[in-house]
Amino acid sequence: MTMLRSLSLMAVLAAFASTAAVAGPTCKAPKDTWMKEADFKAKLEGEGYKIKNFKVTKGECYEIYGFDKASKKVEIYFDPATAAVLESK
């Protein structure tokens with residue numbers, strides 16, 4: 001029975017660790033200061049990005065999946081108020 005409990009605890013800890021590793025940054029800018037999504041996307045496309053997926057994360061940041069101007073795959077988190085890059089993968 002002890003072995004089963006140990007395995008269960010390890011499974012729970014592993015699931016928690018994998019969830020924490022996937023989490024992106026957290027943005028704290030008030031929503032009334034955010035750039036409009038359409039304006040934000042237009043700005044990035046003007047810089048050469050090809051956006052395949054755009055979303056607002058649970059941490060309330062803008063996130064894109066797509067390609068940069070060199071056609072390299074990107075996943076980038078942005079501050080929705082300033083458009084500053086917070087994290088890039």
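Guide: Two strands count as paired if DSSP finds at least two bridges between them. In this predicted model, four strands meet that description in an open sheet ordered β1-β2-β3-β4, with antiparallel pairing.

Visitor: Which strands stand at the edges, and why is one side of each left without a neighbour in the sheet?

Guide: Strands of a sheet pair through backbone hydrogen bonds, either parallel or antiparallel. Here the edge strands are β1 and β4; each has a single partner strand, so one of its sides has no neighbour in the sheet. On average, neighbouring strands are turned by 25° against each other, direction ignored.

Visitor: How many bridges join β2 and β3?

Guide: The antiparallel pairing of β2 and β3 runs over six bridges. Within the sheet, Tyr 62 stands opposite Phe 78 of β3. Helix α2 packs on this sheet and touches β1, β2 and β3, while its direction makes about 150° with that of β1.

Visitor: In what sense do β1 and β2 pair?

Guide: Strand β1, residues 50–56, and strand β2, residues 62–67, are antiparallel partners over six bridges. One of the facing positions is Phe 54, opposite Ile 64 in β2. The two strands form a hairpin with five residues between them. In that turn, Glu 60 has a positive phi of about 60°.

Visitor: Which other residues deserve attention on account of their backbone angles, beginning with the phi of Ser 71?

Guide: Most residues other than glycine have a negative phi, and most peptide bonds are trans. Ser 71, a residue other than glycine, has a positive phi near 65°. Ser 71 belongs to the loop between β2 and β3, and its relative accessible area of 51% makes it exposed. Ala 83 is not a glycine either, yet its phi is positive at about 70°.

Visitor: Where is Ala 83 placed, and is Ala 83 buried or exposed?

Guide: Ala 83 sits in the loop between β3 and β4, the latter spanning 85–88. With a relative accessible area of 13%, Ala 83 is buried; the cut-off for that class is under 20%.

Visitor: Is Cys 61 buried or exposed?

Guide: Cys 61 is buried, at 0% relative accessibility.

Visitor: How many salt bridges does the structure hold?

Guide: There are four salt bridges in the structure. One of them is formed by Glu 60 and Lys 31, whose closest N and O atoms are 3.8 Å apart. Glu 60 lies in the loop between β1 and β2 and Lys 31 in the loop between α1 and α2, so this pair ties together parts that are 29 residues apart in sequence. By accessibility, Glu 60 is partly exposed at 32%, and Lys 31 is exposed at 54%.

Visitor: Which residue forms a salt bridge with Lys 55?

Guide: The partner of Lys 55 is Glu 63, at 3.7 Å between the closest N and O atoms. Lys 55 is partly exposed, with 36% relative accessibility, whereas Glu 63 is buried, with a relative accessible area of 1%. A further salt bridge brings together the side chains of Lys 89 and Glu 87, again at 3.7 Å from N to O. Both of these residues are partly exposed: Lys 89 at 46% relative accessibility and Glu 87 with a relative accessible area of 28%.

Visitor: What is the mean pLDDT of the protein chain?

Guide: The chain has a mean pLDDT of 84, and 75% of its residues reach 70 or more. Over residues 16–21, however, the pLDDT is below 50, and this stretch has zero contacts in the model beyond near neighbours in sequence.

Technical notes:
Residues are numbered from 1 along each chain as its sequence is written. This is a predicted model: local features need pLDDT of at least 70, side-chain atom pairs count only at pLDDT 80 or more; totals for chains, interfaces and linings use all residues. Side-chain values use heavy atoms; hydrogens and water are left out. Buried means under 20% relative accessible area, exposed over 50%, partly exposed in between (1.4 Å probe, protein chains only). pLDDT is the predictor's confidence in each residue, from 0 to 100. Contact means heavy atoms within 4.5 Å. Axes are lines fitted to C-alpha atoms, for helices over the stretch in contact, and angles run from 0 to 180 degrees between N-to-C directions.
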